[in-house]
Amino acid sequence: MEALTELCDLVARNPTQFSEKLAWMCNRCPQPDSLSSGSPRVSRSQLNAVLAVARFLSKCSDSSDTRPKCVVLEFLHSVPSSFTQSFWPQSFTTESIASFFADFLSYVAKAAELSSDFAADIAEFSGDVVLSAIGENSAISRVFLTALSQNFLPILPSDADRLVTCFLDQLSIPVLAPGTPREQVPAANSETSSAQSSPLSVNHYQPNESEASPGNEASHVSGSTSSSRVGDEVTSATSSRGSMVMNGGSILWKSGSGVDQLGVNLGINDGGGTLFRQQVTSFEEESVESLEKQEIVFKLIAHILDKVQIDSRLLEQVRLIAKKQLQSLSVFLKIRKRDWNEQGALLKARINTKLLVYLAASKLKIKSIGALDSDGKSTKRLVHEAVALLIDAAEACLLSVWRKLRACEELFGSLLAGVAQVAVARGGQLLRVLLIRLKPIALAVCSQADTWGSSQGAMFESVMKTSCQIIESCWTKERAPVDTYIMGLATSIRERNDYEEQADKEKQAVPVVQLNVIRLLADVNVAVKKSEVVDMILPLFIESLEEGDASTPSLLRLRLLDAVSRIASLGFEKSYRETVVLMTRSYLGKLSSIGSAESKTVAPEATTERVETLPAGFLLIASGLTSGKLRSDYRHRLLSLCSDVGLAAESKSGRSGADFLGPLLPAIAEICSDFDPTVHVEPSLLKLFRNLWFYVALFGLAPPIQKIQLPTKSVSSTLNSVGSMGAIALQAVGGPYMWNTLWSSAVLRIAQGTPPLVS
């Protein structure tokens with residue numbers, strides 16, 4: 001297959017030149033007469049050829065040869081015949097068939113996007129193919145629908161209503177036919193023949209008449225409140241929801257009570273637990289296979305809503321289905337691991353599958369919102385209610401014991417992205433409400449994220465992306481609420497929060513949330529690249545570093561220094577200058593304590609700042625600056641810093657000169673990487689280069705002259721060791737190299753950008 005794929009890609013780049021190869025691939029595909037026979041059967045080579053031709057169309061849809069499209073269309077026509085095992089090669093397992101359909105439909109969907117004519121041809125019969133798959137009770141039809149849920153085919157608008165109606169029937173939902181009064185709709189019959197025979201029948205939903213009425217839905221978002229207590233670990237979050245009632249295997253809600261009342265109803269708060277255990281049982285009665293079918297149905301309906309419009313009554317049914325699913329999410333995620341009867345792999349499979357159902361339902365909810373008419377009070381009410389529901393669901397994910405599961409993280413990200421998409425599109429009060437509720441969510445995520453790792457986790461990333469999406473989309477038209485949101489996060493780093501868990505700790509202990517909010521704001525600044533946002537955030541950071549809690553060595557100071565250097569690397573002149581001045585002053589300040597009594601008891605964070613944080617910040621700025629003016633200014637500032645460091649360290653005994661100058665060399669090398677040493681150099685700059693090389697030689701930082709194997713050395717963090725400068729000079733000639741090998745490489749790079757030191 002790999003050789004055939006390579007041939008396909010080659011033909012797609014030049015179909016005219018390789019027309020014979022294209023014809024050869026088409027001839028290897030199943031022929032129309034064989035596919036239309038009573039019991040068609042295909043070979044493995046024919047299936048590979050079909051995949052190759054479909055791949056060709058996904059890369060080259062404008063070919064003048066109509067044969068490839070005909071081959072693919074004929075095979076699509078024959079899909080209903082493929083739902084029996086006899087259609088496939090004997091060695092083909094269900095997994096192999098699933099893989100084939102996944103690849104085939106992905107190619108066909110891509111080709112349909114590239115060619116409207118091809119899409120129209122597919123739409124003529126795709127509805128019938130989907131209906132035949134729904135009505136066929138086989139594992140193969142199931143895997144086809146699974147693949148279709150990932151890559152949906154074009155359909156006719158006239159097919160949309162009957163497809164959605166059929167999908168709703170698989171969920172045992174009472175369908176409101178177009179033009180049918182509500183009171184004439186019969187109750188759903190869970191024993192219908194279609195539910196018994198379809199691969200998607202789940203027999204799960206049984207809503208009552210009152211729930212089908214929009215008049216009985218929850219009030220809009222003005223009645224929704226949320227509060228989160230953010231500390232080393234979030235312990236509570238409240239939002240308006242409804243009380244739960246049981247109806248078979250479904251979860252139905254009625255408005256009028258909040259989370260506290262919900263806890264009572266579930267028997268959690270009063271210690272009874274009877275209803276709570278019934279709720280756990282009701283979830284466990286849903287088989288994993290049934291949950292997988294629900295996921296497929298939700299995905300398929302969402303695809304239909306994305307492509308065509310459906311009848312308003314069907315849309316209302318779809319919206320209610322998604323609503324009920326998301327309302328049950330909070331209850332589901334409150335169930336602790338020990339409360340389940342199942343344990344181990346079975347429980348993990350159930351949780352993951354159910355979370356995937358919720359993910360599909362959340363996307364369906366968002367699609368149903370987009371399909372609503374944009375005007376009218378009722379539409380606004382429904383949209384506000386939906387946004388509140390989506391935010392409630394995101395909070396439930398965040399506070400769940402299952403929040404570390406990848407499926408829960410994906411659900412959280414999808415919920416935030418979806419609600420941001422809706423709020424940004426509609427703006428106004430909806431956006432303000434979202435930003436008000438997004439701040440405590442962001443703080444809660446920051447309280448849980450990894451404090452110092454390279455990655456703060458998927459939920460942290462989702463909050464960052466959502467914040468960036470809102471800032472970039474609403475900066476010009478909805479500036480005020482966006483400013484309030486940003487400043488609300490920024491000022492939280494200066495707040496002194498008292499946590500019970502930290503009562504016995506030292507006063508200077510920094511809450512995790514502050515460290516991660518700093519990281520979040522730095523990430524947002526780097527992503528959006530707006531000088532106005534930088535001007536809002538950077539002054540608060542600088543103030544904390546100069547006068548606030550971060551003015552002394554601490555984790556907070558290290559995180560702020562990292563943040564300001566990242567912001568300075570964006571190249572906005574004002575922020576760049578303020579940051580470089582602060583970092584330069586901080587670095588020189590470390591020299592004053594050399595040899596003093598205080599240096600023997602220096603805080604570990606102070607050493608980290610000198611050895612790692614500040615040098616890394618200098619290098620980051622050197623790498624990020626693109627303006628020729630700023631790079632020239634920065635080059636002069638760094639060389640001046642090296643001269644000041646060398647001069648101050650020259651009078652000190654021991655190795656302090658190399659300890660301080662060495663960490664700066666990688667940044668010097670980077671800022672000199674684009675410097676042309678052959679052009680005219682100002683005398684002041686030439687003097688700084690001379691000073692640099694003098695101190696490089698004096699402190700033995702250059703590579704040894706003699707070629708001796710260089711051992712790897714780590715950066716020294718000890719400034720009080722006394723050594724002979726003469727011994728250092730001799731070792732610099734004969735080796736081995738005493739310092740970090742990165743410094744040696746930096747010296748070589750600096751040499752390439754150094755102008756002639758003497759004329």
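Predicted model: local features only at pLDDT ≥ 70, side-chain atom pairs only at ≥ 80, totals over all residues.
1. Overall make-up. The protein has 759 residues, and 53% of them are buried. Its secondary structure consists of 32 helices and four strands.

2. Contacts and surface. Take the contacts in the protein with a separation of 6 or more: 78% of them are between residues 24 or more positions apart. The accessible surface is about 32700 Å², and carbon and sulfur atoms account for 51% of that surface.

3. Length of helix α8. This helix covers residues 139-150, which makes twelve residues. From the first C-alpha to the last, α8 reaches 17 Å, close to the 16 Å expected at 1.5 Å a residue.

4. Is α8 mostly covered or mostly open? It is mostly covered, with nine of its twelve residues buried. The buried residues of α8 are I140, S141, R142, V143, F144, L145, A147, L148 and S149. Among the elements that cover them are α6 (94-114), α7 (116-135) and α14 (288-307).

5. Residue K529. Where does K529 lie? It is in the loop between α22 (512-528) and α23 (531-546). The phi of K529 is near 55°, a positive value in a residue other than glycine. Most residues other than glycine have a negative phi. K529 has a relative accessible area of 52%, so K529 counts as exposed, the cut-off being over 50%.

Technical notes:
Residues numbered from 1 in each chain as written. Heavy atoms only, no water. Helix = DSSP H or I, 4+ residues; strand = E, 2+ residues; numbered from the N terminus. Expected span 1.5 Å × (residues − 1). Buried < 20%, exposed > 50% of the residue type's maximum accessible area, 1.4 Å probe, protein only. Contact = heavy atoms within 4.5 Å. Areas by Shrake-Rupley, 256 points an atom, 1.4 Å probe, with all protein chains shown as cover.
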